[in-house]
Amino acid sequence: QVQLAESGGGLVQAGGSLRLSCSVPGRTSSDYRMGWFRQAPGKDREFVAVMRWDTGTTLYTDSAKGRFTISRDDAQNIVYLQMNSLKPEDTAVYYCAVKPGSSAKYEYWGQGTQVTGSS
């Protein structure tokens, strides 16, 4: 069982920055895909970014490219999402998730952290 814990959300003015953290204390493998997702009020959850833990390969949704950066700290077992140039439309609950290499889906999810961008 992998337990995830997000932190770092908050209220920020348009153009500001936040860094979200996702602690993965139960990580026992490098063969993980670490994803960030978000869900805005009244909308479906959507993909934001993903990193393959072992290679560091990353992928972003178009709206995040150039503004968000996913990274990891191997020693601390933490994945970060640095969000710059935030917009009101980035307002959502942000979740981190783990997809083990052998799985076709994200199996473990955090509880979410609220990000609110004000205009």
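Mentor: Happy to! Let us start with Trp 109, which counts as partly exposed because its relative accessibility is 28% (buried means under 20% relative accessible area, exposed over 50%, partly exposed in between, with a 1.4 Å probe and protein chains only). Keep in mind that this is a predicted model, where local features need pLDDT of at least 70, side-chain atom pairs count only at pLDDT 80 or more, and totals for chains, interfaces and linings use all residues. Residues are numbered from 1 along each chain as its sequence is written, and side-chain values use heavy atoms, leaving out hydrogens and water.

The charged end of Arg 45 sits over the ring of Trp 109, 3.8 Å from its centre (the rule asks for NZ of Lys or CZ of Arg within 6 Å of the ring centre and within 35 degrees of the ring normal).

Now for the ring pairs. Rings of Phe, Tyr and Trp (its six-membered ring) pair if their centres lie within 6.5 Å; planes under 30 degrees apart count as stacked, over 60 as edge-to-face and the rest as tilted. By this rule there are 4 aromatic pairs. One of them is edge-to-face: Phe 37 with Phe 47, at 5.9 Å centre to centre and 75° between the planes. Phe 37 is buried, with a relative accessible area of 10%, while Phe 47 is partly exposed at 25%. Tyr 106 and Trp 109 make a tilted pair, 6.1 Å centre to centre with 55° between the planes. Tyr 106 is buried, at 18% relative accessible area. Put together, ring pairs link Phe 37, Phe 47, Tyr 106 and Trp 109 into a cluster.
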